[in-house]
Amino acid sequence: MNLRTPIIRGQLGIAATFLFLITATAPAQEAPPIEATVVVCPITGVSDPGAVVVVKRAITEAKQLKAAAIVFRIDTPGGRVDSAVEIATAISNAPCKTIAYIEGMGAISAGALISFSCDEIIMAAGSAIGAATPVIPTAEGMQPTGEKEVSFMRAKMRALAESNGHSPDLAQAMVDKDIELRGYYDEAGKYIVYTVAGTTSPADEENAQDAAPAAKSPVEEILRKLAGEVTPPPPQPAAPETSESAPLIEHEPGTVVYADGSELVVAAGKLLTLTPSEAVKYGLIPTVVDGFEMALAHYDLRGAQMHAIEPNWAEKTFRFLTNPTIAGLLLMIGLGAIYYEIKTGGFGLAGVVGALALTLLFGAHLVLGLANTIDLVLILAGLALILL
């Protein structure tokens, strides 16, 4: 009879029990957290069709990577309204949180529209946001467009602000200089911005005159007296009342205090452009940061994996070619060179230059997805007719 077998089994049992107790009492090791991905997309320079392509690529890659957020580093003086609207539409359809980080010169004109399309807005020190009224180039320089374009831009800015939790009043005051904004601190310490109703328009005054009762003729007055009716005396104009919101001290916006406790944010006749400190005060942004890393830390994204969107050489080249100034020069050179070639007869240097200019112009739009097959067919048909 082997006595060692029970002893060995007993020792193994004791060891197993000891290991179980160590495992049970040891602190549980948490599984390593899954590292989040943040897509970083720059929006710099003039907002043009090339910028649209870069933003759309960023949104597509964010969807593929299942990113936690897309941060748009905005530093633009503005640009084309149609391109800005297309960028804003693409951002509104992004599959994750979108953050506008405004730096450098800031988000001016079309840049403000793009910023309001994001879920969150945060600004770096020294930047600015606003001045988003549409303008057109004229012989006297850039001039504001008509009411039709201003009305569209104002409604678009307001709609984007409402859908993303930003102040609609601040948004539309950046577009329409006729809007006056005032603000005050409520009981909870929150700053409330509101739009002041404008003065009566000429159309309203005309309607009021039409609605006024017509004056009585002398014959009607005599008949009324014979019938014993007494004509009431004409109403006397009331003495002008002192408005409760009349300004007590005239200073810069933000320091003009009214009797009702409100202060001037922007006066009628001026476009709204905000500094970072003003944007914090009026509730547009949560805080001012000193750099990109601080902006990421504010949204708990500092430890995330960064996926930077950098325009490749093709996008840079074709964005340069689709710039409105360059595109206009290419079109002028192409048409002029082909016209000169037809007048001189034969085929020489002018024809080559014209064909190359038009190829660069329309080829860039085709590569960036701004032109389709129908556009190409129409171009070829036009060249064929010119040759004929």
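Predicted model: local features only at pLDDT ≥ 70, side-chain atom pairs only at ≥ 80, totals over all residues.
View 1. Strand β10 covers residues 263–266 and runs antiparallel to β8, to which three bridges join it; strands here are DSSP runs of E with at least two residues, numbered from the N terminus, and two of them pair if DSSP finds at least two bridges between them. Residues are numbered from 1 along each chain as its sequence is written. Local features need pLDDT of at least 70, side-chain atom pairs count only at pLDDT 80 or more, and totals for chains, interfaces and linings use all residues, while side-chain values use heavy atoms, with hydrogens and water left out.

View 2. Strand β8 (residues 180–185) and strand β9 (residues 191–196) run antiparallel and are joined by six bridges. Glu180 has Val196 of β9 as its bridge partner, and Tyr184 stands opposite Ile192 in β9. Five residues lie between the strands of this hairpin, in which Gly189 takes a positive phi near 85°.

**View 3. The sheet of three strands.** The strands form an open sheet in the order β9-β8-β10, with antiparallel pairing. Its edge strands are β9 and β10, each of which pairs on one side only. Neighbouring strands of this sheet are turned by 35° against each other on average, direction ignored, where axes are lines fitted to C-alpha atoms (for helices over the stretch in contact) and angles run from 0 to 180 degrees between N-to-C directions.

Note on methods: Helix = DSSP H or I, 4+ residues; strand = E, 2+ residues; numbered from the N terminus.
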